[in-house]
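Here is a short briefing to read alongside the structure. Take a look at the fold, then follow the notes below.

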Amino acid sequence: MARLRDARPAGPEPQPAAEPVPVQRRVSSRGQLSIAGQRIRVGIGHAGATVTIEDTDGAFRLTHAGQIIAEVARTTTKPIARFKVRKPQLPLIGIRRTSSCEDRLGHECQGAGVPSTP
């Protein structure tokens, strides 16, 4: 068996946290969020809000602005993959697609088989 050059022994394994790590999710426009592969309905009144979730004794506790808004039984065994909320995407309102015969400013294209206007 060959030895690796400049190899070092591995350190101790990382210890799991003693208390649950809070996780953040943003509620969708339909009032739902997803954590550990489980979809949770919070309610459309919370749409767009950032919710803090704690994994406690087989249940998810959802809080918003310091108040508990829901406590849902955990139905999956998947680990929690993301801990911070994603940035919201800006809506694409007001952006117009350009056709093949006009540019972004609305001027007609010249050339490439497109006849010019007199």
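**Gln38 and its surroundings**

Leaving aside neighbours within four places in sequence, Gln38 is in contact with Leu33, Phe60, Val72, Ala73, Arg74, Thr75 and Thr76. Please keep in mind that this is a predicted model.

- Gln38 belongs to strand S3, which covers residues 38-41.
- Buried or exposed, where does Gln38 fall? Its relative accessible area is 7%, so Gln38 is buried, the cut-off being under 20%.
- A polar atom of the Gln38 side chain lies 3.1 Å from the backbone oxygen of Ala73.

**The nonpolar core**

- The largest nonpolar core has 13 residues, and those with the most contacts inside it include Leu33, Ile35 and Phe60.
- At least two residues of this core come from each of strand S2 (32-35), strand S4 (50-56) and strand S5 (59-64).
- Leu62 is also listed with the most contacts inside the core; beyond four places in sequence, its contacts include Leu33, Ile40, Val51, Ile53 and Ile69.

**Salt bridges**

- How many salt bridges are there? The count comes to 2.
- One joins the side chains of Asp55 and Arg74, at 2.5 Å from N to O. Asp55 is in strand S4 and Arg74 in the segment after strand S6 (67-73), so this pair ties together parts 19 residues apart in sequence.
- Both partners are partly exposed: Asp55 at 26% relative accessibility and Arg74 at 22%.
- Glu71 and Arg61 also meet through their side chains in a salt bridge, at 3.5 Å from N to O. Because Glu71 lies in strand S6 and Arg61 in strand S5, the pair links parts 10 residues apart in sequence.
- Arg61 is partly exposed, at 26% relative accessibility.

Methods
Residues numbered from 1 in each chain as written. Predicted model: local features only at pLDDT ≥ 70, side-chain atom pairs only at ≥ 80, totals over all residues. Heavy atoms only, no water. Core = buried A, V, L, I, M, F, W, Y, C linked by side-chain atoms within 4.5 Å. Buried < 20%, exposed > 50% of the residue type's maximum accessible area, 1.4 Å probe, protein only. Helix = DSSP H or I, 4+ residues; strand = E, 2+ residues; numbered from the N terminus. Contact = heavy atoms within 4.5 Å. Polar contact = N/O pair within 3.5 Å; in protein donor to acceptor, adjacent residues only side chain to side chain. Salt bridge = Lys/Arg side-chain N within 4 Å of Asp/Glu carboxyl O.
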